[in-house]
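Hi,

Here is the structure I promised to pass on. Have a look at it first, and then read my notes below.

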Amino acid sequence: MFGYTRPVFTSAEENLERSYSEYYCGLCLALGELGKLRYRFLLSYDLCFFAIFFSALDSEAELVMNAACPLPSIQRPKARRTRFTDLAATLSPLLFAAKIEDDRADGQRLRASGASALLIGRQVEAARRSWPEAAALIEAYDHEASLEGLVERFGELMGELFKLAAKKLKPSPDPYFKALAAEGLHPIEEAAYRIGAALGEWITLLDALDDEVKDRRRARDNYLNHLNSEELQALPARILDLEAELRRHAALLPFQRQTLLLRQLILSSFPSSRAEVFKKSQEQSVTMNRVWQDYEVENGSERCT
C-alpha cells in the first residue's frame, strides 16, 4: 500500500518497537502461508496497523511463536499471530489486485503488468472466498472514476473495511459497551468506520502531496490539480484535522492490549510521516511552498511540524 503509517521509534521505545516487529512478523508469516515467498512482498505498514488495531480491541488470546524468517540475517524472530493478522493477510492480495487496476486506469500498463506477475489467481480467489464481503467492497471500487472525489471514495472504502473488521471482534468485556450492545447499539463499529475513513483520506492526501512534483514531471494527473486555490490553501488544515479525528475516535475505544503501542503510532509515528511529506513538498513544489507560507503566517509553524 502507501507506507505513510510506518512506525518511527526512538531509542527509548525499544519495547514498543519489539512489539510492533512481532505483529509485522506475524503478518509476514500469514502472507507466507497464503502464497509462499512471493506473497511476503505484499507486507505493508498500513495492513500491519490494521492488524495491531483490531488485535488490540479483540478479547481473543494471541499466539506468540518463534518463526522461520526467509532473510538469512534474521534468526528465528518472534511472531505474534492473531485472527486479525490473518485477516490483514487476506486483505493484502485483494488490495494489491485493486492497486494493479488503479495503475492500468492511470495508463501505467507496464508497471501493472510487472506487479500482476506477483499474483496467483487461486490465492486471490481464496481471499475472496475467505472474506467475500471485503472482496465485494474492494472490487466495487471504481478505478475509472475521475480524480475528483478520490479522497472521499478511498476514505469510504477504508471506513467500510474497518467496519467489517469490527463486526468480527469478540464482544467487548467492558460493561459500558456490553450495555450498549444489549440495546442494539454498536459504537465500536461506528468508531472503526470513522477511523478507517479518516485514515484513508489522510493517506490519499499525503500520497497526492508526496507525488505532486513527480507527477508533474511525468505529465501525469494528480488529485491536487483538481483543487481550486481555496481548497489548496485549506489542505494543511484538512490533513491535520483528519489526524485529530483519528485521535478522537481511537481515544473512545476499549482496547484490551497494546495501548501504548497504538498511542505511539497515532500520536507520534503518523505525525512524523506527515511532517516529512510536508517538508518535502515545501522544499520541492513552488505552488505548495506558497501554501505553506500562507498557512504558517495564519496559524504558526508548530502545527505543521
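This is a predicted model: local features need pLDDT of at least 70, side-chain atom pairs count only at pLDDT 80 or more; totals for chains, interfaces and linings use all residues.

**What I found**

Phe53 is buried, and so is Phe162; buried here means under 20% relative accessible area, with exposed over 50% and partly exposed in between (1.4 Å probe, protein chains only). Residues are numbered from 1 along each chain as its sequence is written, and side-chain values use heavy atoms, leaving out hydrogens and water.

Now the aromatic rings. Searching the whole structure turns up 15 aromatic pairs. Rings of Phe, Tyr and Trp (its six-membered ring) pair if their centres lie within 6.5 Å; planes under 30 degrees apart are stacked, over 60 edge-to-face, and the rest tilted. Take Phe49 and Phe270: their ring centres are 5.1 Å apart and the planes are at 70°, so this pair is edge-to-face. Phe49 is in helix 2 (residues 45-57) and Phe270 in helix 12 (residues 259-284), so the pair ties together parts that are 221 residues apart in sequence.

One aromatic cluster includes Phe49, Phe53, Phe162, Trp202 and Phe270.

What about helix 7 itself? It is mostly covered, with twelve of its 17 residues buried. Among them are Leu150, Phe154, Leu161 and Phe162.

Which residues touch the most other members of the largest nonpolar core? They are Phe50, Phe53 and Phe54, out of 82 residues in that core. Helix 9 (residues 187-217) gives the most to this core, with twelve residues. A nonpolar core is a set of buried Ala, Val, Leu, Ile, Met, Phe, Trp, Tyr and Cys residues joined through side-chain atoms within 4.5 Å.

Helix 9 also holds Glu212, which counts as buried because its relative accessibility is 9%. Leaving aside residues up to four places away in sequence, Glu212 touches Asn222, Leu224, Ser285 and Met288 (contact means heavy atoms within 4.5 Å).

Cheers

Definitions and conventions
Helices (H or I, at least four residues) and strands (E, at least two) are DSSP runs, numbered from the N terminus.
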